[in-house]
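Visitor: I'd like to learn how to read a structure like this one. Could we start with the aromatic rings?

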Amino acid sequence: MSSDNNIFHAMEFDISRLFATKDLQVKKYLDATHEWDYVLERAKYVPVGYTRSMMIYQEIYLKEFVEEYINLSVVLFHNGTSVGVWPLAIKRIENNWVMGSNEGSVVEPIFVIELPLAVKKKIQTKCHEVLTDFCLLYNLQHWQGIYNVFGEGINEWHRRNMEKGATIRTFHDLYVDLSL
């Protein structure tokens, strides 16, 4: 087994173990595509970067520009039901590991609309803890996140990042539906 395969399996194992230590049930994205779609169908809003087609495209695209790309995306469960999805990846750029997502920076998990706010906050807290622990395990100095406002202002994910000392910078993306 090559060293690249070893690091891939180690990181994949470690992220699963870290979720388990937080008492958070997850399945790897590639092992739970139906559950991923279930969540997206029930989410209030789905950014294009969370769709499976965009995730596949971005992974192929990014692999051309980074030394290594490992998809760590997961479906989040509560009481045995899929309730959230979280695009997550780690990339090696110029021999440094960088935590992110298929869109570059770490994005927040999205959830089914009917998930109670208290459960959502609890899962988000555990996701932050997993990120922190994963970065410590692999000696990553920090992770960079991106927050999509979705017309609702700041939310719990954004607030928690700001409380931990995050800095803010704004920008806009425009997607055009060319199928018309």
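Guide: Gladly! Keep in mind that this is a predicted model. Rings count as a pair if their centres lie within 6.5 Å, and by that rule there are four aromatic pairs here.

Visitor: How are the rings of Y57 and Y61 arranged?

Guide: Their centres are 6.0 Å apart and their planes meet at 15°. Planes under 30 degrees apart count as stacked, so this pair is stacked. Y57 and Y61 sit four residues apart in helix 3, which separates them by about one helical turn.

Visitor: Which aromatic pair does Y61 form with F65, stacked or tilted?

Guide: That one is tilted, with 4.9 Å from centre to centre and 50° between the planes. As for accessibility, Y57 is partly exposed at 48%, Y61 is partly exposed at 39%, and F65 is exposed at 58%.

Visitor: Which residues of helix 3 are buried?

Guide: They are M54, M55, Q58, E59 and L62. These residues lie on the same side of helix 3, because they cover an arc of only 135° around the axis. The face turned away from that side carries the exposed residues S53 and I60.

Visitor: What do the buried residues of helix 3 pack against?

Guide: Their partners are helix 2, strand 2 (68-71) and strand 5 (89-93).

Visitor: And how long should helix 3 be?

Guide: Its twelve residues, 52-63, should span 16 Å at 1.5 Å a residue; the end C-alpha atoms are 17 Å apart, which agrees.

How values were computed:
Residues numbered from 1 in each chain as written. Predicted model: local features only at pLDDT ≥ 70, side-chain atom pairs only at ≥ 80, totals over all residues. Heavy atoms only, no water. Helix = DSSP H or I, 4+ residues; strand = E, 2+ residues; numbered from the N terminus. Expected span 1.5 Å × (residues − 1). Buried < 20%, exposed > 50% of the residue type's maximum accessible area, 1.4 Å probe, protein only. Arc of directions from axis to C-beta. Contact = heavy atoms within 4.5 Å. Phe/Tyr/Trp six-rings, centres within 6.5 Å; stacked < 30°, edge-to-face > 60°.
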